[in-house]
Amino acid sequence: MTEILRVENLRKSYSGFLAVGGVSFSVAKGELKALIGPNGAGKSTCFNMLMGQLKPTAGKVFLDGEDITGRKPRDIWRKGVGRTFQITGTYQSMTVVENVQMALMSHHRRIFSLGPRAWKIYRDEAMSLLETVAMKNQADRPCSILAYGDLKRLELAIALCHKPRLLLMDEPTAGMAPSARIELMQLTADIVRDQGVSVLFTEHDMDVVFAHSHHIMVLNRGELIADGNAAQVRNDPRVQEVYLGGGTLFKENSHA
Ligand SMILES: Nc1ncnc2c1ncn2[C@@H]1O[C@H](COP(=O)(O)OP(=O)(O)OP(=O)(O)O)[C@@H](O)[C@H]1O
């Protein structure tokens with residue numbers, strides 16, 4: 001297994017309160033890995049430390065072997081760590097393809113160097129990314145009229161503009177209908193398989209988590225209590241205890 005991300009003994013305390021208490025884990029190249037846990041477990045705190053928004057109290061983060069601990073978010077993003085958020089950050093007045101072109105211009109650092117010609121360039125590349133997320137037929141629609149699930153797929157295309165080696169997805173399916181959730185994660189799994197990108201995501205919907213993740217980590221009160229495949233995590237007594245018996249959360253028809 002080749003690691004893209006390695007986290008060693010990462011800790012964060014807020015005025016003496018230990019939100020993340022020394023977690024260690026890794027994400028492999030081409031892996032789709034979930035980080036789950038009850039509310040307040042420390043998932044967002046962990047993500048924010050990986051992405052540079054929060055400085056760890058202690059511990060190290062390595063990207064492809066390089067120490068990126070405490071680096072600025074923009075540096076980490078430039079090094080190939082992308083992120084999607086719970087709330088989409090698209091420009092509502094622009095069309096779908098223009099939003100992707102804008103992200104491509106930013107990636108190629110040409111955003112301020114072009115005038116009206118801007119919308120002619122990167123269109124083919126943008127259309128190809130829209131094809132990846134099955135949004136090509138909506139390219140010229142304004143974002144303001146898109147369904148929420150389509151906005152999330154567009155956000156994924158925008159994140160891919162920067163050719164991330166690792167993509168962090170914070171509750172990607174929040175606010176979506178159950179069928180759209182499964183579709184979005186299937187799309188993400190296809191991208192992981194076809195492009196070799198690694199994805200680490202947090203999620204509250206256990207059907208989504210158990211249907212698509214290669215591995216699952218469980219955080220509870222800032223401590224990592226499990227890290228394994230679906231069957232290992234489902235059968236872990238500490239995990240079952242945290243999820244109040246598990247029966248209703250870990251469905252038998254989920255993939256092992
Ligand atoms: N800025 C802060 N100051 C003080 N405490 C904080 C701060 N941010 C988070 N916490 C606390 O740290 C703990 C972990 O919070 P965090 O948001 O990381 O959890 P989470 O697992 O992402 O939760 P959720 O699933 O509800 O988003 C919680 O007890 C939270 O109240």
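User: In S9, which residue is the bridge partner of Ile36?
Analyst: The partner of Ile36 is Val218 in S9. This is a predicted model, in which local features need pLDDT of at least 70 and side-chain atom pairs count only at pLDDT 80 or more, while totals for chains, interfaces and linings use all residues. Residues are numbered from 1 along each chain as its sequence is written. Helices (H or I, at least four residues) and strands (E, at least two) are DSSP runs, numbered from the N terminus.

User: How many bridges join S3 to S9?
Analyst: Four bridges join strand S3 (residues 32–36) to S9, and the two run parallel. Two strands pair if DSSP finds at least two bridges between them.

User: Is S9 mostly covered or exposed?
Analyst: Strand S9, residues 215–220, is mostly covered, with five of its six residues buried. A residue is buried if 20 or more other C-beta atoms lie within 10 Å of its own, exposed if 12 or fewer, and partly exposed in between, with C-beta atoms placed from the backbone.

User: And S9 with S10, parallel or antiparallel?
Analyst: S9 and strand S10 (residues 223–228) run antiparallel and are joined by five bridges. Asn220 stands opposite Glu223 in S10. The hairpin of S9 and S10 has two residues between the strands, and Arg221 there takes a positive phi near 50°.

User: Why is Arg221 classed as partly exposed?
Analyst: Arg221 is partly exposed because 15 other C-beta atoms lie within 10 Å. Its phi is a positive value in a residue other than glycine. Most residues other than glycine have a negative phi.

User: Which strand holds Asn9, the other residue I noted?
Analyst: Asn9 is found in strand S1 (residues 3–14). Asn9 is not a glycine, yet has a positive phi of about 50°. Asn9 counts as exposed, because it has 12 C-beta neighbours inside 10 Å.

User: Back to the sheet: what is the order of its strands?
Analyst: Six strands form an open sheet in the order S6-S7-S8-S3-S9-S10, with mixed pairing. The edge strands are S6 (81–84) and S10, each of which pairs on one side only. The twist averages 20° from one strand to the next. Axes are lines fitted to C-alpha atoms, for helices over the stretch in contact, and angles run from 0 to 180 degrees between N-to-C directions.

User: What joins S6 to S7?
Analyst: Four bridges join S6 to strand S7 (residues 166–170), and these strands run parallel. Thr84 has Met169 in S7 as its bridge partner.

User: Which helix packs on the sheet?
Analyst: Helix H1 (residues 43–51) packs on the sheet, touching S3, S6, S7, S8 (198–202) and S9. The direction of H1 makes about 150° with that of S7. Two residues are in contact if their C-beta atoms, placed from the backbone, lie within 7 Å.

User: What surrounds the ligand?
Analyst: The surrounding residues are Tyr14, Phe17, Ala19, Gly37, Asn39, Gly40, Ala41, Gly42, Lys43, Ser44 and Thr45. A residue is near a molecule or strand if its C-beta atom, placed from the backbone, lies within 6 Å of it. The elements giving two or more residues to this shell are strand S2 (17–28) and H1. H1 supplies the largest share, three residues.

User: Last topic: where does Met102 lie?
Analyst: Met102 lies in helix H3 (residues 96–107). Met102 is buried because 20 other C-beta atoms lie within 10 Å. The C-alpha atoms of Met102 and Ile158 are separated by 8.8 Å, although these residues are 56 residues apart along the chain.
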